[in-house]
Amino acid sequence: MSPGILEVEREHEVKGQSDPPGVSTDGLPISPRNHWAHLEVVMRLLAEGTPDRAWNQLEAIRRSESVGAEAIAAARRIVGEALARAGGDRIERPSDYLRARPGKTIQPKLRQTRDLKRRPGRFPSDLILPGITGNANDFSFLVDASRSGGFAGPLPGLRMRLVVTLEGAEDLSQLERALAQCRERAPALAHGLTLCVSAPEALHGAALPVPTDWLAGSVFAEDPAQQMRRLAEETDIVCFAPLAVLEDTLALERVVRYVALSGQACLVLRPFGTLCPAGPDRDGVLPGVLSDRLMLPAWADRPDAFSDIRGLSFALDAGLFRKAGGFDPRFSTPGGAAAYLAARAHDAGAYFLPLAVRAEFDTGGDPPAADAALLRALCPHPAIRGAAGRFETPRVSIYIPAYRAARYLQAAIDSVLEQDYDDLEVCVADDGSPDATLEVLARYDGDPRVRYATGPNGGIGHASNRAIGMARGSYIGQLDSDDRLKPGAIRRLATYLDNNPWVGCVYGSCERIDENGYLIGKEYSHLNFSRKKMLTTSIVHHFRMFRRQAWERTSGFREDIANAVDYDMFLKLSEITAFHHVDEVLYQRRWHGENTSHVNEHFQTANTYAVQEQALERMGIGRFWKGYVPDPEKPRAISYRRGDCPDRVYFWPDYSRTNPYQRLLYARASERVECIGGSIDEALQAMGGRTEEDAGTAVFHLHWLNKVFVEATNVAGAARAAQDFLTKLRRFKFMGGRVVWTIHNTLSHDLPFLRIEANLSREVLELADAVHLHCEGSIPEIEASFPLPREKVRIARHGTYVGTYPDFVTRDRARTELGIDADDEVILFIGQIRPYKGLDALLAAFREILPRRPRARLVIAGSRPVAPLLDGAGLSEAERARITVANRFIDEMELQVFFRAADLAVFPYTRILTSGSLLLSLSFGVPAIVPESAMTREVLADDRAGALYRPEDGLLALVGAMETILGRVEAGEGPEMGRAAFDTARALGWEDITPLLLGDDAARNEETSP
């Protein structure tokens, strides 16, 4: 990004400067083209214990011909092994979320079919791209990674520098109490804490239990070099926290976990009430502090979320703090200084996530007039600077990589300076030109809008990265040294970016001129941007302008290839941000016979294949697809076909966004099988584009049948929906597809068309190639509703959720959050509140035991109205006082609060075939009570992990089971039962269902093939 404050003075002297040469570990100068030196850096990063950085550095020279494929492969093996040992889950770029990497355990969201009708020629109908990941401030992929990664286990061992301000002795006493509480509640957090305290000198030297750096003035007013030494050295996280924040150790623990997940996360601390202002719900329970669903979407949908930072109440990775350059000491208030730091972090690619804190504190306000004016001068983002004109930091930077550019460079630069747009600069990186390029650049020494530097020759990618490294603008425009911009080009594209904050790259069309500047004609122009079309050929024409923020989220320009460098760059950008084509001629491309793409046509073609292959890898689909050339006479007419893993599964209904079941079910199979959420219509549409070379198996995996009837309002409509679904299933099979049905329930819960569904079930069973059950003992239970073809039955058990959900809240803290006393006997009911879940029976059983167990407390957590049930249960005031209700959706982060507070969980369902709720409870180490069935008998073989009862035996059966478990808890057996529950869950791993999906013979053949 733009240079830090440390470099402000140097920025004005950059003209004519030579970049310092690279230096190897033995002190000798190195050339940018010396990829062996880059490999040496990889090994140094590995020795420093940062295998994730080493892996990314190694990826940058993956295509190096000077190092060679054998040495690169060996280095990838060494670094990959280190990454696997360390865990490969850290996300520094959006592509790290999608792509496979050694040691990675985070499983990205399963892809969904979309835009099947919008596909260019030569593009397979069933090549399903993942959605754009991480556009603008859309941090949903980081939140998803925090869930699928579990946020479980010990606190990562990161060091945190806490920066606080004290006004007097009372604040010092509060700080001492908060630190003592932190050491008690979160010793791992306290172990890594150091303090930087701004306080009156009379307080300096107070004995605090953590290392403390006392500061008499404001930290944001310090000299930048001193800031870096004080705040960002020998630490991993810099946290600027109002004093009240320190009392909420859960908030600080989440800061550590998020920064451990990604150095690009900037955590914005906010009082709980400002993010969730609704107050108590009708049942008297505040939404939990960890309920991100209430606060995150609004911030993810705001591209300018950074502008909400107006004070010292945020936390970020120390490396991000250094990259952003620290605070500018010219600001007089923390509001202005923090706002500018946030703006720089935004341009450095940061995502701004709000974290609710159970405390009240001032988050800052608008800065005074002088600071606001300085902020507008320094921050070019339209959310801060609305006016046009020239400012200290320009909004647009036009970068020019230059090599042997003396003949045309002046015309290129002048075409920028003559634009009707003043808020700009030109950044030229001379790539060691042997001609008079530097003499041309010296002509602009009197113009502050032109900045340039020279350095050793490293190629077009190296020079482009250097030129962008010099740039200070939020918008980056590309201009080749032998081309020209048309009048009005910059204003046209910059204005579009101003008005369309979700678009990260906008581009126009161009015309071709000859070496003397005469028009040859208009160049090829593809009217509308398409990611699919972009994967077959580059359609992002000159003139191109993109956001600095988006560029920082990529690996930059490749420096190990000489051609297809721009194509690679814009492919990477297209994966993380939206594009738009302005169909106007804004650029003149000079054609003089020495253009790189023309001179090296053979290498251009070879590198095109390479960057397309790596695009597939970044998107996590490289093992399923590969590029090929249908017509050898047209080597650049590239298409795609099935890769090393040609089989795919379309699963429906797709509930993988809200329930981890399907992700976990397919986790082991997805290493070899492409799993995509899609309806039967979408599966048929994808199947329609299969080619003769496609030898893979296509599977439609059906889960819940009730989705077939979702739009039916009467019996006739339900019958038509069933018949239409069957017709499409038959067509899918006729086209060569395979049908698999996982039976989750004998018949759907609460469905009014049970007879029609039973008939549909029989028809589906006849069509199915395989029928999946989670428990063999369930066969007689299913056969009571419809006949089951035993020869088609395949058994693969339902795994558990150990490590799937966040799990770092202690029992005491969970009860504090829910307002529950430490000696209460807590009975938990959690999940959607539906008639078949038997909540009325649980309420009756709870009333029955309460006179004998006055410390019993029932916690009901789940969506759908519960008040009518409570009102109709005839509860006395005293009974109602022993029931805690959170009548809302309980999101993934918050589940731990309810389970950690519970002594047991009860799921009194009237019908049960497979119980994911039982397995979820055991995964949190909470014993459970469930009705007896084949599956629950199999899981609860150890009666220490819970209890079974027979609903047909009446209410007393449920009461007896609850009394038994609570009696054992009272007798001190609670910890032992919790361990038994967790051990039971841990033993129930997810099986590889590849043979079930593909057919036993197909899977066996795949395993034995060379």
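Reader: Is A136 buried or exposed?
Author: A136 is buried, at a relative accessible area of 4%; buried means under 20% relative accessible area, exposed over 50%, and partly exposed in between, with a 1.4 Å probe and protein chains only. This is a predicted model, in which local features need pLDDT of at least 70, side-chain atom pairs count only at pLDDT 80 or more, and totals for chains, interfaces and linings use all residues. Residues are numbered from 1 along each chain as its sequence is written, and side-chain values use heavy atoms, with hydrogens and water left out.

Reader: What is phi at A136?
Author: Phi of A136 is near 50°, a positive value in a residue other than glycine. Most residues other than glycine have a negative phi.

Reader: Where is A136 found?
Author: A136 sits in the loop between strand 4 (111-112) and helix 6 (140-148). Helices (H or I, at least four residues) and strands (E, at least two) are DSSP runs, numbered from the N terminus.

Reader: And E234, buried or exposed?
Author: E234 counts as exposed, with 68% relative accessibility. Its phi is also positive, about 55°, although E234 is not a glycine. E234 lies in the loop between helix 9 (224-232) and strand 8 (237-240).

Reader: Turning to peptide bonds: is the one from W652 to P653 cis or trans?
Author: That bond, from W652 to P653, is cis, with omega near -5°. P653 is placed in the loop between strand 23 (648-652) and helix 25 (661-666).

Reader: What about H542 to F543?
Author: The peptide bond from H542 to F543 is cis, with omega near 10°. F543 belongs to the loop between helix 20 (531-534) and strand 19 (544-547).
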